[in-house]
Amino acid sequence: MVRGRPREEGIDDAVREAVRALLTETGYQRCTIDAVAARAGVGKAAVYRRWRSKAELVFTAVIHAADLAPPEDTGSLRGDVAAVLGVIESSLDGLELRRALPSLLADVRADPVLEARFGEVFLGRERGYLVQMLDRAVERGELPRRPDAALVHAMLLGPVLTWLHLFTEPPPSGGLAASLASPVYAAVVALGA
């Protein structure tokens, strides 16, 4: 039995587009649920039925949805690491996120309930998919054991986040994900030794 009304993808898309536009035009602080609902042409209740908070709404609009696709199986750990780095880079790049990230992280850290939800819904799912990637590498004999998934998660996110949101230099000429793939792969292998 299905409860409630079915989700309307048109509303979801309109709200996400409104969030991205408002972040670009006015920044995170002025990107309120009221402003998003008005811009998307929907009621506030429709927004709150889909997202529990402004932080969750912004995260899903500019980084990734709660229904994250599992990482690509490229057939090798080296290829999987490069593919995941590419996904992380594309998820963390963009003007909307540059305007939102500092305040978004501050909001998440300031609210223990929101922080726990982010840990479960977003970081937990990301880490679960990394466990799948690492377990495939163990099954293929590329790693003798699965390394700590939290460490691997940090090693994948850290350099991309740092380059895109702290450094002012342009990405390396060969591309950021491609430049990071070999050293991050080597670090993952070392952790799994």
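The exercises below are about a predicted model.

**Exercise 1.** Find the place of S91, and decide whether S91 is buried or exposed.

*Solution.* Start with the helix: S91 lies in α5, which covers residues 77-92. Next, look at the relative accessible area, which is 15% for S91. The cut-off for buried is under 20%, so S91 counts as buried. Finally, check the neighbours: leaving out residues up to four places away in sequence, S91 touches V62, I63 and L97.

**Exercise 2.** Work out how many residues of helix α4 are buried.

*Solution.* Helix α4 spans residues 54-62. Go along it and you'll collect K54, A55, E56, L57, V58, F59, T60, A61 and V62 as buried residues. That's nine of its nine, so α4 is mostly covered.

**Exercise 3.** Describe how α4 and α7 are arranged, using their axes.

*Solution.* Here's the general idea: two packed helices are described by the angle between their axes and the distance between the axes. Take the distance and the angle together: the axes of α4 and α7 (residues 112-139) come within 11 Å and cross at roughly 20°. Angles under 35 degrees count as roughly parallel, and α4 and α7 are therefore roughly parallel to each other. As for handedness, α4 passes α7 in a right-handed crossing. Now list who meets whom: A55, E56, F59 and T60 from α4 meet L114, R117, F118, F122 and E126 from α7. Sort the residues of this contact by class and you get five nonpolar, one polar and three charged.

**Exercise 4.** Find which residues touch the most other members of the largest nonpolar core.

*Solution.* This core holds 54 residues, and the ones to pick out are V15, L77, L85 and L156. Ask next where its largest share comes from: that's α7, with eight residues. Then zoom in on L156: setting aside residues up to four places away in sequence, L156 touches V81, V84, L85, I88, L130 and V184.

Methods: Residues are numbered from 1 along each chain as its sequence is written. This is a predicted model: local features need pLDDT of at least 70, side-chain atom pairs count only at pLDDT 80 or more; totals for chains, interfaces and linings use all residues. Side-chain values use heavy atoms; hydrogens and water are left out. Helices (H or I, at least four residues) and strands (E, at least two) are DSSP runs, numbered from the N terminus. Buried means under 20% relative accessible area, exposed over 50%, partly exposed in between (1.4 Å probe, protein chains only). Contact means heavy atoms within 4.5 Å. Axes are lines fitted to C-alpha atoms, for helices over the stretch in contact, and angles run from 0 to 180 degrees between N-to-C directions. Angles under 35 degrees count as roughly parallel, over 145 as roughly antiparallel, 65 to 115 as roughly perpendicular and the rest as oblique. A crossing is left-handed if the near helix is turned anticlockwise from the far one by less than a right angle, and right-handed if clockwise. Ala, Val, Leu, Ile, Met, Phe, Trp, Tyr, Cys and Pro count as nonpolar, Asp, Glu, Lys and Arg as charged, and the others, Gly among them, as polar. A nonpolar core is a set of buried Ala, Val, Leu, Ile, Met, Phe, Trp, Tyr and Cys residues joined through side-chain atoms within 4.5 Å.
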